[in-house]
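Here's a quick tour for anyone meeting this structure for the first time. Take a look at it, then read on.

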Amino acid sequence: MMSIAIYTLTSELHDEQVVSVVTEQFLHSLHLEYEFRGSDFSDYGSHALDLIYIRTGGTEGLFKDLLPELQRKSYRPFFLLTSGKSNSLAASLEILSYLRQQGLKGEVLHGSADYIKQRVMLLQRVGEAMKQLHGSRLGVIGEPSDWLISSGVAPVEIRRQLGIQMVHIPMQELQVLIEQTPEHAVDESSDREEIRQALPGAVRIYEALRLLVEKHRLQGFTIRCFDLLRQVQNTGCLALARLNAEGVVAGCEGDIPALLSMYIVRALIGTSGFQANPAYIDVEKGEMVFAHCTIPLDLVERYELDTHFESGIGVGIRGYMKEGPVTIFKVAGNLSRSFVAEGMLLRCEAKRDLCRTQLVVRLDDKEDVRYFLSNPIGNHHIILPGCQRQVLEELLG
């Protein structure tokens, strides 16, 4: 099935032969790959992007009559494609105004062929991500950490808007799996005895988490990882670093908004995200330090093993990301707001008095720096490579 489908609305007052010629010329000028469905809306909503091509004026009533059926088939906004010929732009604007009055989202796609194509390609990308999100299962292993007092979630809203189901799993279930998992030889090593001693246990946690993911059919999870310090005297840092690199989105501290943010990044951009907390902010320079004791291994050029910062035990990861453009992202747990900013990763540091992976980032807009000191969405934020603000803002609307 094609990712893009084009459906048509045409007034009977217009000559079909003339309209068909205009249609062919207009759609050919866009240089898109699509499935042309015409006036057959039977499979509307089944593609990553469904476009309703308003071919002529006088189609407003046709759309109004069709709207209840379209709403039953799709939860996405309505995208109205128009060439402007035969009063089609005027009809599209009337339809969009009606949609807004009904509290529905929509957009008219009109302009140069290049503009329309670029807009459609972006919407297709977002649509493919939304289809991936819909029906996903994200695990919450244990309760959120006690200090995450502002990081609550609205599971019903998450299910309604993104189609994601949250699956709660007791920490005890993971602990039993860890105890049942035999220790194996490990392929990691260290010149520090305490880390060599901790590595087999860290790998057991990884293998147990992998089994838990398979058992509950999860696409990702967040874990109350500090409980592992007490329960098994080790950390989940290595496990999360590996699992993220393998495509299983894995977050720390039971932070569900951070997990949602990481999973949106994975679905939309196809990359891992680094969950970290701001450790230092220089408002005048627009610079920040982000730090955490684990980072997805597919985000780094190299990494070193260390102990976990706060406890001094287990295995932590000091990763070194490639310097260059990065995006900072976070979505609220009830999806009511989000934060997206772009900047430059200036360098990675290795200070002993911080969590092991440390990124120094300069944000492009100093107002984005002030957000952290005036209206932040919790402490954890997600750092990912590249300039991704436009596509993230498009998905979150």
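## Charges over rings

A charge counts as sitting over a ring if NZ of Lys or CZ of Arg is within 6 Å of the ring centre and within 35 degrees of the ring normal. Keep in mind that this is a predicted model. With that in hand, R242 sits over the face of Y206, 5.2 Å from the ring centre.

Y7 has another partner, Y44: here the centres are 5.4 Å apart and the planes are at 65°, so the pair is edge-to-face. Y44 lies in the loop between strand 2 and strand 3, so its pairing with Y7 in strand 1 ties together parts 37 residues apart in sequence. Y44 is buried, as is Y7. Elsewhere, ring pairs join F290, F339, Y371 and F372 into a cluster.

## The largest pocket

The largest pocket has a volume of about 830 Å³. It's lined by 31 residues, and the closest to its centre are Y75, R76, P77, K105 and L395. Helix 12 gives the most to this lining, with 5 residues. By type, the lining residues split into 14 nonpolar, 8 polar and 9 charged.

Notes:
Residues are numbered from 1 along each chain as its sequence is written. This is a predicted model: local features need pLDDT of at least 70, side-chain atom pairs count only at pLDDT 80 or more; totals for chains, interfaces and linings use all residues. Side-chain values use heavy atoms; hydrogens and water are left out. On a 1 Å grid over the protein atoms alone, a cavity is a set of points where a 1.4 Å probe fits but cannot get out, and a pocket is an open set with protein on both sides within 12 Å along at least five of seven lines; lining residues have an atom within 4 Å of a point. Grid points are joined across faces, edges and corners, and a volume is the space filled by probe spheres set on the points. Helices (H or I, at least four residues) and strands (E, at least two) are DSSP runs, numbered from the N terminus. Ala, Val, Leu, Ile, Met, Phe, Trp, Tyr, Cys and Pro count as nonpolar, Asp, Glu, Lys and Arg as charged, and the others, Gly among them, as polar. Rings of Phe, Tyr and Trp (its six-membered ring) pair if their centres lie within 6.5 Å; planes under 30 degrees apart count as stacked, over 60 as edge-to-face and the rest as tilted. Buried means under 20% relative accessible area, exposed over 50%, partly exposed in between (1.4 Å probe, protein chains only).
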